[in-house]
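Below is a set of questions and answers on one protein chain.

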Amino acid sequence: MAINKTAVPDARLNMKIRSLFLDHLAQSANVSASALAAGVKSSAVYAERRRTAAFRDAWALALAEGYARLETELLAEALQSASGRTADGTLKARAQKHRLAIALLNAHRASVKGGAPVAAAKPAVPDLATLKAQLVLKLTHMRQRAEDNAAARPAPETEPEIEGAPHADA
């Protein structure tokens, strides 16, 4: 029985597509626009990010650069002085736009600067020997702290009992 095998194209991105995507991402900090500029769907680059740690790291660096560029451009625009004929409403609208943009940049700053993990990034799972060593180390530290705390407490002052002497409770 012959099985009909059709060639399935490799969904991985080649180096040229990766480079185009990452260069555009560093310029724009826009994943969808960067994927379009590289000629692929954004789902393909997200899949590659989940699959490949090196691409995930390069993505994070490009995104950080893109956000730094956007922040710089935003600050430069915000620092431009308005002409004397600018209406008060226009100035308020510009200020609101800048506050919103800065708030959005701050919301993404944690993921860009490493504060919050990227959803697709899975933490490395240590092997059993590493976990055991970490647990033993933690228990050793706990035991040492308990011994140090016990040694730091003053010993209760008790008088030695003398045989035949009356007890205080009697």
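Q: How many helices and how many strands does the protein have?
A: Helices (H or I, at least four residues) and strands (E, at least two) are DSSP runs, numbered from the N terminus. From that end, the elements run α-α-α-α-α-α. The count is six helices and zero strands.

Q: What cut-offs apply to this predicted model?
A: Residues are numbered from 1 along each chain as its sequence is written, and side-chain values use heavy atoms, with hydrogens and water left out. The model is predicted, so totals for chains, interfaces and linings use all residues, while side-chain atom pairs count only at pLDDT 80 or more and local features need pLDDT of at least 70.

Q: Which element has the lowest mean pLDDT, and which the highest?
A: pLDDT is the predictor's confidence in each residue, from 0 to 100. Its mean over the protein is 77, and 72% of the residues reach 70 or more. Among the elements, helix α5 (residues 88-112) has the lowest mean, 72, and the highest, 93, belongs to α2.

Q: At what angle do the axes of α1 and α2 cross?
A: Axes are lines fitted to C-alpha atoms, for helices over the stretch in contact, and angles run from 0 to 180 degrees between N-to-C directions. The axes of α1 (residues 15-28) and α2 (residues 31-38) come within 8 Å. The crossing angle is roughly 145 degrees.

Q: How many nonpolar, polar and charged residues make the contact of α1 with α2?
A: On the α1 side the contact is made by Ile17, Leu20, Phe21, His24, Leu25 and Ser28, and on the α2 side by Val31, Ala33, Ser34, Ala35, Ala37 and Ala38. Ala, Val, Leu, Ile, Met, Phe, Trp, Tyr, Cys and Pro count as nonpolar, Asp, Glu, Lys and Arg as charged, and the others, Gly among them, as polar. By class, there are nine nonpolar, three polar and no charged residues.

Q: Is Arg18 buried or exposed?
A: Arg18 lies in helix α1. Leaving aside neighbours within four places in sequence, Arg18 is in contact with Leu13, Glu48, Thr52 and Phe55. Buried means under 20% relative accessible area, exposed over 50%, partly exposed in between (1.4 Å probe, protein chains only). Because its relative accessible area is 15%, Arg18 is buried.

Q: Which backbone oxygen does the side chain of Arg18 reach?
A: The distance is 3.4 Å. The oxygen belongs to Leu13.

Q: What is phi of Ala29 near?
A: Ala29 lies in the loop between α1 and α2, and counts as buried because its relative accessibility is 14%. Most residues other than glycine have a negative phi. Ala29 has a positive value, near 60 degrees.

Q: Which helices do the buried residues of α3 pack against?
A: In α3 (residues 42-51), Val45, Ala47, Glu48 and Arg49 are buried. They pack against α1, α2 and α4 (53-79).

Q: How far apart in space are Ala60 and Leu25?
A: Ala60 is in helix α4 and is partly exposed, because its relative accessible area is 34%. Ala60 and Leu25 are 35 residues apart in sequence. C-alpha to C-alpha, they are 9.7 Å apart.

Key
Contact means heavy atoms within 4.5 Å. A polar contact is a pair of N or O atoms within 3.5 Å; within protein, one must be able to donate a hydrogen and the other to accept it, and residues adjacent in sequence count only if both atoms are side-chain atoms.
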